[in-house]
Amino acid sequence: MLDAAPSKKPLVEVRDLKMHFPIYAGLLRRRVGEVKAVDGVSFDIMEGETLGLVGESGCGKSTCGRAVLRLYDLTSGSIRLEGKEIGPTPQAALRDMRPRMQMVFQDPQASLNPRMTVQAIIQEPLDEHTTLSTKEKQQKVYELMDAVGLNRRFAGRYPHAFSGGQRQRIGIARALALNPKFIVCDEPIAALDVSIQAQVVNLLEDLQEQFGLTYLFISHDLSMVRHIATRVAVMYLGKIVELAPREALYSAPLHPYTEALLSAVPEPDPSLEAKVERIILQGDVPSPANPPKGCNFCTRCPKVMDICREVEPETREVRPGHFAACHLHEITSQTAGKTAAQKEANERQHGE
Amino acid sequence: MLTYTIRRLILAVPTLLFIALVIFLLLELAPGDPMAEMPLTIPPEVKEKMREALGLGQPWYVRFYLWLYQFFIVEPQYWIDGLFGTNFADGAQRIISFQSRSPVFNTIAERIPQTLWVVGMSYVVGVIIALPIGIISAVRQYSWFDNFGTFISMVGFSVPTFFTGVLLIVIFSVNLGWFPSIYDTTLKVNDWPSFVKQLKQMAMPVFVLALYNAAQISRFMRASMLDNLGQDYVRTARAKGMTEKVVVLKHVLRNSLIPVVTVIALGVPQVFGGAIITEQVFKVNGLGQLLIIAIHGNDVPMVLTLTFIFAVLIVVFNLIADILYGVLDPRIRYD
């Protein structure tokens with residue numbers, strides 16, 4: 001469906017994924033509502049590619065990544081990994097699938113058990129899922145430490161003795177231990193300083209080449225996603241608003257939210273920087289417990305139309321491989337006049 | 001770690017000397033007279049003689065020095081003599097109780113077994129039931145088990161032991177007649193029926209104190225578990241594909257135990273201090289009761305010695321708790 005390069009087959013297929021967290025309140029802790037952190041998300045990840053998932057804080061990126069790995073029990077939806085359905089599978093039955101899918105976490109400090117040595121942290125998945133001898137495991141741990149660029153002598157040390165970048169390397173080595181096919185990188189560089197970010201991203205790219213990995217790369221850093229991703233999905237308030245190959249998305253964004261996001265990326269050239277027109281969104285992101293009727297973005301969209309407040313836009317393939325969920329492009333395809341539609345939209349906005 | 005321990009032990013010496021001085025001066029300044037209980041018919045000059053015989057004629061610093069000398073030099077000599085049959089002490093003056101006129105340490109040695117059995121056992125029982133309750137309450141947060149556990153620990157916390165003790169006596173001794181209400185110290189355990197009898201007389205005081213201890217420790221355990229259950233490394237462990245048992249017992253529990261173990265270690269001196277009120281309620285003649293009687297009788301050497309021993313225990317177990325922290329948590333290093 002969402003295939004950009006037809007030669008490759010999808011490794012992960014996510015369909016209509018919903019992850020709602022209940023809100024309890026009152027004396028009897030009755031269920032009074034739910035936070036719709038991820039609300040109907042569909043995408044494919046091709047084998048060997050990196051799908052970038054971007055969006056602002058609180059839009060559901062991390063929840064989406066964790067849900068895809070089934071670290072949560074889903075509200076509804078289907079996830080197929082290598083053609084095998086893992087959406088409704090109980091946690092106990094999922095354990096056998098865990099070696100195939102792994103995660104690199106955002107906070108390299110908190111995501112490592114402070115009372116385990118590096119050796120123990122990397123080795124634990126091997127203890128659980130393999131029948132290697134102690135010596136083979138030791139050897140494997142050393143190989144993994146080599147692969148991520150950690151000195152073997154550090155195997156007996158505890159996580160607190162490492163710097164942030166080194167800890168993230170431990171986290172990556174740990175994720176690689178069971179030769180996974182698919183790794184969710186949940187903002188792996190957000191907690192690192194800029195000089196280390198490049199190191200870690202390059203390491204991830206090298207490992208992808210070396211081991212044939214497929215990444216779901218979650219980040220709010222658009223420049224970094226542009227660097228690493230093959231295709232990019234943009235999330236807003238629990239929904240994917242646009243999904244396209246990297247260059248198409250960065251050069252010609254279709255959704256007004258993507259336009260606003262991209263306009264916020266700093267331009268390194270000062271002469272160009274002066275010309276950049278920032279689209280400043282007004283207001284705050286609505287609460288995911290109470291999303292607006294119609295399009296989720298209608299409360300802040302600079303090109304909002306009446307229909308946006310009534311009808312939820314469907315995701316459609318506006319150009320080959322370039323998907324967007326926006327009424328602007330429905331009208332474009334129906335009336336065959338994009339400029340007219342935009343003019344119309346602008347007039348409406350000015351009329352308000 | 002060793003140098004740290006030695007440094008702490010050396011630092012403990014001036015601390016303890018200062019504590020001893022403060023206790024001594026407090027007792028010195030407190031109103032009361034060891035002769036107050038004596039019959040009024042005794043002439044004042046005889047009373048004065050008796051006072052001098054107790055050593056009260058000396059100025060306070062001389063008495064304080066003598067007590068220190070007896071506590072740190074003479075008494076250890078008597079212990080060594082008792083253990084190895086040597087004769088270092090050579091009949092030197094021991095610390096003598098004003099009330100019984102017998103060496104203070106002999107009385108303490110008589111009382112320690114009761115306190116250790118009843119109060120110590122209650123602490124052990126309390127810890128043994130508190131840890132699983134805390135763990136299960138945290139893993140099943142807000143379940144009926146958790147709510148019930150919270151209720152029980154609120155009861156254990158807020159209802160004083162003199163109330164629960166008396167309540168138990170009324171129910172189980174007076175109405176049901178299952179357990180004796182008075183602890184019989186003279187009971188010798190040498191066969192099965194006497195062992196059962198010992199268990200029966202221990203049951204109620206142990207239960208009362210265990211409820212109190214368990215209430216405290218289970219709350220600590222629960223809070224510590226909840227704190228760790230939300231940590232990112234727990235999610236990492238789940239993502240690794242560990243079973244829930246491994247996640248909870250290996251990752252979460254081991255990290256949660258660090259603060260709990262220190263809390264347990266810090267509570268141990270209370271065991272030796274005895275539970276003054278509970279020992280009174282069940283007539284257990286342990287250390288707590290001994291201290292109360294000594295305070296009533298203005299028995300300065302007994303009060304001073306007991307309080308000082310408690311102070312030593314508190315200092316020592318503080319050190320043990322700190323060392324345990326360093327042993328259990330690799331992030332903490334003392335050097």
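In H3(A), A:Val118, A:Ile121 and A:Ile122 meet A:Ile170, A:Ala173 and A:Arg174 of H5(A). Two residues are in contact here if their C-beta atoms, placed from the backbone, lie within 7 Å. By class, this contact of H3(A) with H5(A) holds five nonpolar, no polar and one charged residues. Ala, Val, Leu, Ile, Met, Phe, Trp, Tyr, Cys and Pro count as nonpolar; Asp, Glu, Lys and Arg count as charged; the others, Gly among them, count as polar.

This is a predicted model: local features need pLDDT of at least 70, side-chain atom pairs count only at pLDDT 80 or more, and totals for chains, interfaces and linings use all residues. Residues are numbered from 1 along each chain as its sequence is written, while chains are lettered from A and ligands numbered from 1 in the order in which they are written.

The axes of H3 (residues 118–129) and H5 (residues 164–176) of chain A come within 8 Å and cross at roughly 25°. Therefore H3(A) is roughly parallel to H5(A). Axes are lines fitted to C-alpha atoms, for helices over the stretch in contact, with angles from 0 to 180 degrees between N-to-C directions. Angles under 35 degrees count as roughly parallel, over 145 as roughly antiparallel, 65 to 115 as roughly perpendicular and the rest as oblique. The crossing is right-handed, meaning that the near helix is turned clockwise from the far one by less than a right angle.

Chain A also has an open sheet of four strands, in the order S2-S1-S4-S5, with antiparallel pairing. S2 (30–46) and S5 (84–85) of chain A are the edge strands; each has a single partner strand, so one side of each has no neighbour in the sheet. S1(A) (residues 10–25) pairs with S2(A) in the antiparallel sense over 13 bridges. A:Lys18 stands opposite A:Asp39 in S2(A). Strands pair if DSSP finds at least two bridges between them. Helices (H or I, at least four residues) and strands (E, at least two) are DSSP runs, numbered from the N terminus.

| Domain of chain B | Residues |
|---|---|
| domain 1 | 42–97 |
| domain 2 | 111–328 |

The C-alpha centres of domain 1 and domain 2 of chain B lie 37 Å apart. Each domain gives five residues to the contact.

Between the chains, 22 residues of chain A are in contact with 18 residues of chain B. H3(A) gives the most to the chain A side, with four residues.

Definitions and conventions:
Domains from an automatic or database assignment.
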